Amino acid sequence: MMKSAPFKPLLLLVCLLSCSVNAATTNAPVAEPAVERHYHTKTPYQPQQAMSSYQLVPAGYTAVYTQMLARHGSRGLTGMKSDLAFYNLWSQAQKADALTDLGKELGPDILKLMQANFLLGYAVPGISKPGYGNETRQGIDEHTELARRMHERLTGLFQTASHVSADNASPRKILVLTSGKDRAVDSGYFFTQSLLRQQPGLQASIVYPASLTPREDKRPQSRQPGTDRFLLYFHKLSGTQDKVTDASDPLYPTYAASQAYQSYLKSRELQAQEAQILSQPSLATAAHAVLARLFHTGFITELEQGRIKAGNTGTYSFTSEDGKFSNQLTGDGETEIRSPVEAALALYELYSAASNMQVELARLSSGKFTAYMPSEQARVFAAADDAISFYSKGPGTVENADITFRMAGILLADFFRETDAIASGDLSHLAKLRFAHAEIMIPMASLLGIEGMSTQQPRSMLYQYSNNAWRGEQVAPMAANIQWDVYANKQGQTLVRMLYNERETAFRRDCDAARISPDSYFYDYGRLKNCYQQRISVLKN
């Protein structure tokens, strides 16, 4: 990896037109302090259980199949938004001599964060287009290690890859599907490359299946093999790219559910809930506590009174250390900071993003962005982000039924369809690996009815940490994953065990009768499918 170039003082000036620096990268991540940091859904991935503590596979059963849904790994910021807006706010404070000693360090660190995002992925094999939104070294490692642990857990299964499949012509298949978005595609690439390092012979088994395509699509060739928006990007199905009007098309229910969900995102109800969340006194108190460490009181007062505001305007360019790659971007002006709460939430976004970029940001002058966001206040902002995600992506309200997760039915049906084939004796597929986003993981957890991840809230009671166990850092951290391992015995009986973020996890509580024993995480597949039959038939493809 390239060594870092020294930071150039020129970047301390506001770049109204453009500016240029060398890339700052390093080889060693900075260790996390032993304190809760509250990163919401930006939480870096950690497996939640050691394999050595998993329940033993029941006697007589062997692994015959596995499948997975995974969020992409740790990434940078998705666009030049909060970073540029906050930097412009900081610049105003600098000009007004309204910065504390700690505040003076923040501007250069924001520029380092921007610099890292502009050049993110440059010279990294497997990253096709450097810049904002790419996976970080941390994200690459998350999927690399996730694949390594899957292979370690199921070594015997992967060794069957060379067995001739049901069509008597090819090895067992490992299907790889992504949403088509760069960070999901790249996650799939790094995951499969890691599998191949464990077992090079798997290359012949890896297959990128055809995308689900509406009947009305006159250009199905535009849907690349291995990319599937209906399965893995169902929250944003568009009227131009994905439209389905034929009610007899198997994809129609998913398209209709996606459109209903997108309308809900624009609803007055959701806007009112978000306004209520952001107006909580605890949020204002935390915002003032954070900003007071960075800005003088008079500056914060002016921001509160509306005499100061800052948007993501201006043009910046950054060049890699070797001079071979440059990236220039101009802010779109759509992100604006007009209050202390908006300023603190923007800073919280940078703080959370920095947790995913520990390698790229290891040479920040303050050490890490944690210097600007005490844990006590980070928890308040994480709670606000969780509340917004709970209503916009998660279980939502009882009164709104399944509007936030109905569209995931097609994905759950796909999990069952794959397992049906195995249970019926068709072993042509060895594994199915799907790479997507938090907006896919969260509805899937709700639809599965996983305890702590699916409890809805009555409309009359605002989501709070005190009244609901739902937490973004548990449901959809970076590289979050759901894995179903399938086992069979010689008598043809089939069992399923679910891992959520590599922890043995129970299916919905009313499926407990499908467990092979009261405390077992192994479920009889036939009884499990019957338990979910109503849910999977709603949007069955």
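A pocket is here an open set of grid points where a 1.4 Å probe fits, with protein on both sides within 12 Å along at least five of seven lines. The model is predicted.

**Largest pocket**

The largest pocket holds about 1,600 Å³ of space. Its lining has 43 residues, and those closest to the pocket centre are Lys42, Thr78, Lys81, Glu349 and Lys393. Two or more lining residues come from each of helix H7 (252–265), helix H8 (268–278), strand S7 (336–337), helix H11 (340–355), helix H12 (375–392) and helix H14 (438–448). With eight residues, H11 gives the most to this lining.

| Class | Residues in the lining of the largest pocket |
|---|---|
| Nonpolar | 14 residues |
| Polar | 13 residues |

**Helix H9**

Helix H9 spans residues 281–291, and its buried residues are Leu283, Ala286, Ala287, Val290 and Leu291. Viewed down the axis of H9, these buried residues fall within an arc of 125°, so they line one face of the helix. An α-helix has 3.6 residues a turn, so residues three or four places apart point the same way. Pro281 and Thr285, on the other side of H9, are exposed. The packing partners of the buried H9 residues are helix H1 (82–95), H8, helix H10 (297–304), H11 and H12.

In soluble globular proteins, nonpolar side chains tend to be buried together. The largest nonpolar core in this model has 121 residues, of which Leu69, Phe86, Leu89, Phe295, Leu448 and Trp484 touch the most other members. H11 supplies the largest share of this core, eleven residues. A second, separate core has 27 residues, including Leu146, Ala147, Leu195 and Leu430.

Leaving out residues up to four places away in sequence, Leu69 touches Leu232, Leu411, Phe415, Arg434, Ala436, Ile440, Met441, Met444, Ala480, Asn481 and Ile482.

**Trp470**

Trp470 is in the loop between H14 and helix H15 (472–475). Is this residue buried or exposed? Trp470 has 0% relative accessibility and therefore counts as buried, the cut-off being under 20%. Among the residues that Trp470 touches, not counting those up to four places away in sequence, are Asp386, Ser389, Phe390, Ile442, Met453, Tyr463 and Val475. Asp386 is 84 residues from Trp470 in sequence, yet their C-alpha atoms are 7.9 Å apart in space.

Methods: Residues are numbered from 1 along each chain as its sequence is written. This is a predicted model: local features need pLDDT of at least 70, side-chain atom pairs count only at pLDDT 80 or more; totals for chains, interfaces and linings use all residues. Side-chain values use heavy atoms; hydrogens and water are left out. On a 1 Å grid over the protein atoms alone, a cavity is a set of points where a 1.4 Å probe fits but cannot get out, and a pocket is an open set with protein on both sides within 12 Å along at least five of seven lines; lining residues have an atom within 4 Å of a point. Grid points are joined across faces, edges and corners, and a volume is the space filled by probe spheres set on the points. Helices (H or I, at least four residues) and strands (E, at least two) are DSSP runs, numbered from the N terminus. Ala, Val, Leu, Ile, Met, Phe, Trp, Tyr, Cys and Pro count as nonpolar, Asp, Glu, Lys and Arg as charged, and the others, Gly among them, as polar. Buried means under 20% relative accessible area, exposed over 50%, partly exposed in between (1.4 Å probe, protein chains only). The arc is that of the directions from the helix axis to the C-beta atoms. Contact means heavy atoms within 4.5 Å. A nonpolar core is a set of buried Ala, Val, Leu, Ile, Met, Phe, Trp, Tyr and Cys residues joined through side-chain atoms within 4.5 Å.
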